[in-house]
Amino acid sequence: MSEHEYVPKSKAGKWFNDRLPLLTLGAHLTDYPTPKNLNYWWTFGGILTFCLITQIVTGIVLAMHYVAHADLAFASVEHIMRDVNYGWLIRYIHSNGASMFFLAVYIHIFRSLFYGSYKSPREVIWIIGLMIYLLMMAAAFMGYVLPWGQMSFWGATVITNLFSAIPLVGDSITTWLWGAYSVDNPTLNRFFSLHYLIPFLILGLVVLHIWALHVPGNNNPVGIDIKKPSKDTVPFHPYITIKDAFALLVFMIVFAGFVFFTPNVLGHSDNYIPANPLVTPAHIVPEWYLLPFYAILRSVPDKLGGVILMFGAIFILFVLPWLDTSKVRSAVFRPIYRQFYWIFVLDVLMLGYVGAMPAEGIYLVLARVGTIYYFAHFIIVMPVVGLLEKTDPVPMSISEPVLTGGAEPSLARKVNDKV
Amino acid sequence: MIKSNKKILFLSFLLLISLRPLQSAEMVDPIKVNWSFKGLTGTFDRASLQRGFQVYKEVCASCHSMQYLSYRNLGEPGGPEFSEQEVKAIAASFEIEDGPDSQGEMFTRPGKPSDKFKSPYPNTQAATAANGGAYPPDMSVLVKARKGGANYIYSVLVGYEDPPPGVTLDDGVYYNKYMAGNKIKMPNNLMDGLVEYADGTESTVDQMAKDVTTFLAWAAEPELEERHRTGVKVIIYLILLTTLVYLSMKKIWSRVDTEV
């Protein structure tokens with residue numbers, strides 16, 4: 001990887017670095033040549049790292065005061081909110097932090113979809129990223145169960161019951177997951193254990209994600225391969241660090257707005273009612289970030305079919321690098337795909353919206369249309385458009401936009417402004 | 001191209017949102033009250049909190065528990081802010097069961113500020129049985145546990161009406177305009193002049209409903225004032241820091257021929 005060998009200046013530094021080359025790693029990270037035309041959509045990697053660290057730090061403090069027991073969990077959360085010093089702040093950061101984490105990850109994923117960051121040679125980065133996303137959903141779901149409110153309990157009941165759709169062994173698996181014959185104290189205990197474990201698995205995958213990124217280097221809005229280091233790149237520090245810091249601060253303003261002024265707007269009021277196995281809420285809805293998948297699940301009249309489609313909606317993303325047949329990475333130069341991209345964005349938003357609505361009438365129709373389109377986008381649009389589309393001319397480099405086809409010298413710059 | 005796409009996207013999203021009213025036709029929206037604790041710098045009305053506590057104590061507390069509050073909370077900053085003596089006196093007016101003592105016996109003693117609010121019933125089952133099969137919910141976080149929050153609680157308190165023709169109600173069931181399904185098992189407990197406010201405020205139904213709702217809003221979010229205060233400071237700090245970092249970024253990137 002390293003273009004020039006790093007030698008520590010001090011004797012002690014050299015002694016240590018010969019035994020464990022941490023300083024070489026540090027030098028690699030600061031010098032890491034980064035495309036200079038990255039736009040603000042590229043700042044969400046850093047923002048996501050911040051989100052993960054925030055969740056881990058606040059989560060560790062919350063775990064010092066939380067009690068994972070069906071009779072005590074709700075009360076212990078109220079204890080955190082009322083009696084623990086700044087407990088309300090730590091809990092609201094943690095609960096809103098989950099939403100902010102998903103907001104950032106969705107922007108990160110859709111950025112990747114627009115600029116073709118999942119395409120060769122970055123398939124492994126993409127797949128590790130999806131594994132992180134899957135673990136995030138598991139962690140978020142289990143975290144939502146911990147306060148042991150009505151939505152915690154009934155959300156857990158709905159989601160764990162999905163496994164009972166598996167033929168033959170479904171019921172046994174569900175009982176095994178619960179550790180009881182319904183969602184109960186053993187379920188809460190294991191969810192707490194796993195909720196504490198998963199973030200550290202995510203952290204490990206994040207290291208791999210960044211490692212895999214540093215092999216080919218960043219994609220960029222133009223989506224072309226660049227020489228590193230060159231006139232097209234800047235060192236990661238200070239150029240990208242300061243830009244990431246700026247974007248992170250803007251993100252933190254939004255984050256703080258939620259935490260301090262509308263801390264419960266993203267949650268469901270029913271979760272302030274203690275869990276009651278005898279009373280089912282009128283509408284059981286998951287958190288907003290899982291709604292599109294919930295809509296897909298409910299759009300199928302058959303339970304097993306719904307479960308397969310819901311998981312399929314995520315797993316199809318794993319083979320996306322091979323479904324996309326286009327030779328051009330960035331949608332900036334793909335006029336047809338670009339249209340479909342925005343239709344797809346709209347489709348996912350619509351699925352999220354109908355996921356929050358009762359599964360009946362017009363909403364069920366919309367959910368079905370949305371689900372079909374969701375899969376059609378990957379199975380039909382991606383391969384076919386990639387083969388048939390006539391792409392726009394792609395520049396040779398970021399600094400010297402010599403075009404392979406027509407002539408528009410300032411294209412690269414314009415691209416940068418547009419997106 | 002991308003610009004126009006975004007416009008279409010935005011318009012479609014607006015259309016989607018505007019579909020929303022279609023689904024909630026039968027529910028009456030709660031009355032919108034201009035609470036002092038709304039908004040970015042909202043604070044509680046101290047006098048209203050103290051009156052609200054009085055309404056709670058004299059009316060609601062005979063059925064509704066508030067098990068997550070302690071008497072000491074009544075004297076803490078951001079709440080009703082009763083004086084230390086008043087808090088002690090309020091706590092001492094309740095007989096609290098304690099123990100076991102060195103002989104293994106349970107005993108009762110006057111309440112202390114550190115005690116939790118005394119519940120009217122020993123357990124949920126007793127509360128349910130004593131109230132015709134409807135459990136009077138614990139009110140500690142009630143405002144956060146209801147869609148519509150304080151507006152909804154206030155609306156239900158003033159929303160009792162005679163049932164419209166054609167609606168028959170069972171014994172012990174009352175008609176309420178704002179309650180989901182319009183049927184409520186809590187009778188209309190507020191009547192003009194029911195409590196005698198210590199500060200001389202006229203105790204109309206509307207006044208008592210507002211006061212007790214304010215009290216419940218505080219009980220659900222005792223940190224609200226501190227949260228608002230801290231939030232304003234945090235946001236101002238972040239904006240200043242963001243400006244400084246933005247200027248630094250501009251300076252650093254001026255060495256490169258690329259805009260940031």
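Good morning. Leaving aside neighbours within four places in sequence, A:T175 is in contact with A:A180 and A:Y181, where contact means heavy atoms within 4.5 Å. A:T175 lies in helix α8 (residues 170-178) of chain A; helices (H or I, at least four residues) and strands (E, at least two) are DSSP runs, numbered from the N terminus. With a relative accessible area of 26%, A:T175 is partly exposed; buried means under 20% relative accessible area, exposed over 50%, and partly exposed in between, with a 1.4 Å probe and protein chains only. From A:L20, A:T175 is 155 residues apart in sequence and 48 Å apart in space, C-alpha to C-alpha.

A word on conventions. This is a predicted model, in which local features need pLDDT of at least 70 and side-chain atom pairs count only at pLDDT 80 or more, while totals for chains, interfaces and linings use all residues. Residues are numbered from 1 along each chain as its sequence is written, chains are lettered from A and ligands numbered from 1 in the order in which they are written, and side-chain values use heavy atoms, with hydrogens and water left out.

How confident is the predictor in chain A? The mean pLDDT of chain A is 94, and 94% of its residues reach 70 or more; pLDDT is the predictor's confidence in each residue, from 0 to 100. Over residues 402-419 of chain A, however, the pLDDT is below 50, and this stretch has 35 contacts in the model beyond near neighbours in sequence. Where pLDDT is low, the predicted coordinates should not be read in detail.

I turn to the overall form of chain A. Chain A has 16 helices and two strands. Its C-alpha trace spans about 70 × 60 × 45 Å along the principal axes. A compact globule of 419 residues would have a radius of gyration near 22 Å, and the 24 Å of chain A agrees with this; the radius is taken over C-alpha atoms, and the globule rule is 2.2 Å times the number of residues to the power 0.38. Of the 419 residues in chain A, 54% are buried. Among its contacts between residues at least 6 apart in sequence, 78% join residues at least 24 apart.

Helix α3 (residues 44-65) has 22 residues and reaches 31 Å from its first C-alpha to its last, close to the 32 Å expected at 1.5 Å a residue; the expected span is 1.5 Å times one less than the number of residues. Its buried residues, including A:F44, A:I47, A:L48 and A:C51, pack against α4 (73-82), α5, α9 (185-214) and α10 (236-261) of chain A. Helix α12 (residues 303-315) has 13 residues and reaches 18 Å, close to the 18 Å expected. Among its buried residues are A:V307, A:M310 and A:I314, and the buried residues of α12 pack against α6 (123-145), α11 (291-299) and α15 (361-388).

Chain B has seven helices and four strands, following the pattern α-α-α-β-β-α-α-β-β-α-α along the sequence. Of its 260 residues, 38% count as buried. Among contacts in chain B between residues at least 6 apart in sequence, 59% join residues at least 24 apart.

Which residues touch the most other members of the largest nonpolar core? In this core of 137 residues, they are A:F102, A:L113, A:F293, A:Y374, A:F378 and B:W253; a nonpolar core is a set of buried Ala, Val, Leu, Ile, Met, Phe, Trp, Tyr and Cys residues joined through side-chain atoms within 4.5 Å. Helix α5 (residues 87-115) of chain A supplies the largest share, 16 residues. A second, separate core of 46 residues includes B:M66, B:F117, B:V143 and B:Y197. Not counting residues up to four places away in sequence, B:W253 touches residues of chain A, including A:K36, A:V234 and A:Y239, as well as B:T258 and B:V260.

Finally, some backbone details. The peptide bond from A:K228 to A:P229 is cis, with omega near -20°, and A:P229 sits in the loop between α9 and β2 (233-235) of chain A. The bond from A:H237 to A:P238 is also cis, with omega near 5°; A:P238 is found in helix α10. A:L168, although not a glycine, has a positive phi of about 65° and counts as exposed at 88% relative accessibility. In chain B, B:E81 has a phi near 55° and lies in the loop between α2 (46-58) and α3 (84-92). Thank you.
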